[in-house]
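Let's take a walk through this structure together, from its overall layout down to one helix.

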Amino acid sequence: MLRIASYPEDSAARMRAEAKARLEHPGYALTGYFYRSAVVYQTDLEQILYRSWLYAGHTSQIPEPGDFFQYEVDEDAFIVTRGEDGVVRALVNSCRHRGARVCEEASGTRKTFVCPYHGWVYGTDGSLRGARHMDRQGAFCPGDSGLKQLRVFIRHGLIFINADPDAGDFSLALDRIDPALAPYELENAKIAHRQVYRVDANWKLALENYLECYHCATSHRSYARSHSIKEIAPNVEVLRAALWERSQRMTGVEGVTRTFDGCYDAEAVFGTSVWNNRYALFDGFQSASQDGKPVAPLMGQFRGFDGGAGDFQIGPLSFMLNYPDHCVLYRFTPRGLTATDIEVVWFVRSDAVEGRDYDLQTLTWLWDVTTQEDEYIITRNSAGVNSRFYEPGPLQPDFEYIEIRFIKWYLEILAGSTAP
Ligand code: FES
Ligand SMILES: [Fe+2]
């Protein structure tokens, strides 16, 4: 059973003090307080989540006017629509009368959203189209009563949203990883499969697990057979150098080995953390498959397999693992103090046909197995850090360096939080 611990004396002042105290221990994990405190969780949402660029979905999910899908974060829901004018918008799924949700389906096609409570009617652009008898309320202005909207930014068909009207431009960060990302031509890709793994753990435990491969050798047998980053860098230096030598030649992609590191504490604009790198698969592996063979037709500009995988961070809470023949996106979404949705999305090129060009089970095998293994270790981690006797240990500097950077970035935000 899931228990949510509470701290009777919790406050923003205590949170800031705890964050400042932890900053005195660089290279160590967070204390249990940061995973258990409701004050911390609300601050996470306000100061980080809703000020960051979040991956919401892909344009292929809403090709026609009226198409929509929903993205749920914590207790909020956003309807990502394509309006009659073709514009993609992110609407807050909460009626401007008394707040009821105006849409229940996860996705679909609509001309309007009609609130089930008192029947207010909204267009797919969010504008209020009808409100029964509200003309009798003197101050009511229909033009000011459309569904609230978040900012939207689209790159290569990937739709990002941001709740902060003053958020910095995402394109500056994305430009840095574009030489390596653009050649996959995700704007011409389709979603072969999506799966949500609900994990009973605070979002930071799920994210931190993604940020390190110290656990890969012990927790991911299948992954560790094919992916060389389960090894400490000096052990695979020869493999990496060989990959670098052949990558451009074998893929035909000029920017394939261009790398960039702007993640967390090095991000240029808040909420736009990005990195990209390429690492080697072990000899005999062309893709993330059980037998090492390709699983789908080559993506975008790729003309061959180099035995490498592109590793990307695209915003603070989303990532991609891109092989020449398919791309896998990871998104971490808080759904409560101790609940997180990990969504995994498998992309293939848009003209690939299931059954002919790819087999869904073969395509999804590795990252489905690996995510289930992660689900297990993340929940075990959650159970352990919730013990009153838990004391953070030192992090391993070669494997857990991104986590070290995340923790520093995170604690500095909390330490400087102006929450009352
Ligand atoms: S709450 Fe939507 S119409 Fe009243
Ligand atoms: Fe993992």
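What follows looks at the domains, the core and then a helix.

This is a predicted model, in which local features need pLDDT of at least 70 and side-chain atom pairs count only at pLDDT 80 or more, while totals for chains, interfaces and linings use all residues. Residues are numbered from 1 along each chain as its sequence is written.

The chain is divided into domain 1 (54–153) and domain 2 (170–414), with bounds from an automatic or database domain assignment. Their C-alpha centres lie 33 Å apart. Where they meet, 8 residues of domain 1 are in contact with 13 residues of domain 2; contact here means C-beta atoms, placed from the backbone, within 7 Å.

Now look inside. The largest nonpolar core has 102 residues, and Phe78, Phe160 and Phe347 are among those with the most contacts inside it. Such a core is a set of buried Ala, Val, Leu, Ile, Met, Phe, Trp, Tyr and Cys residues joined through C-beta atoms within 7 Å; a residue is buried if 20 or more other C-beta atoms lie within 10 Å of its own, exposed if 12 or fewer, and partly exposed in between. Both domain 1 and domain 2 give residues to this core, so it lies between them. Phe347 touches, among others, Leu186, Ile191 and Cys327.

Finally, turn to helix H1 (residues 12–23), helices being DSSP runs of H or I with at least four residues, numbered from the N terminus. Its buried residues are Met15, Glu18, Ala19 and Arg22. The face of H1 turned away from its buried side carries the exposed residues Ala13 and Ala17.

Terms used. Chains are lettered from A and ligands numbered from 1 in the order in which they are written. Two residues are in contact if their C-beta atoms, placed from the backbone, lie within 7 Å. Helices (H or I, at least four residues) and strands (E, at least two) are DSSP runs, numbered from the N terminus. The expected span of a helix is 1.5 Å times one less than its number of residues. Lists of a residue's contacts leave out its neighbours within four places in sequence.
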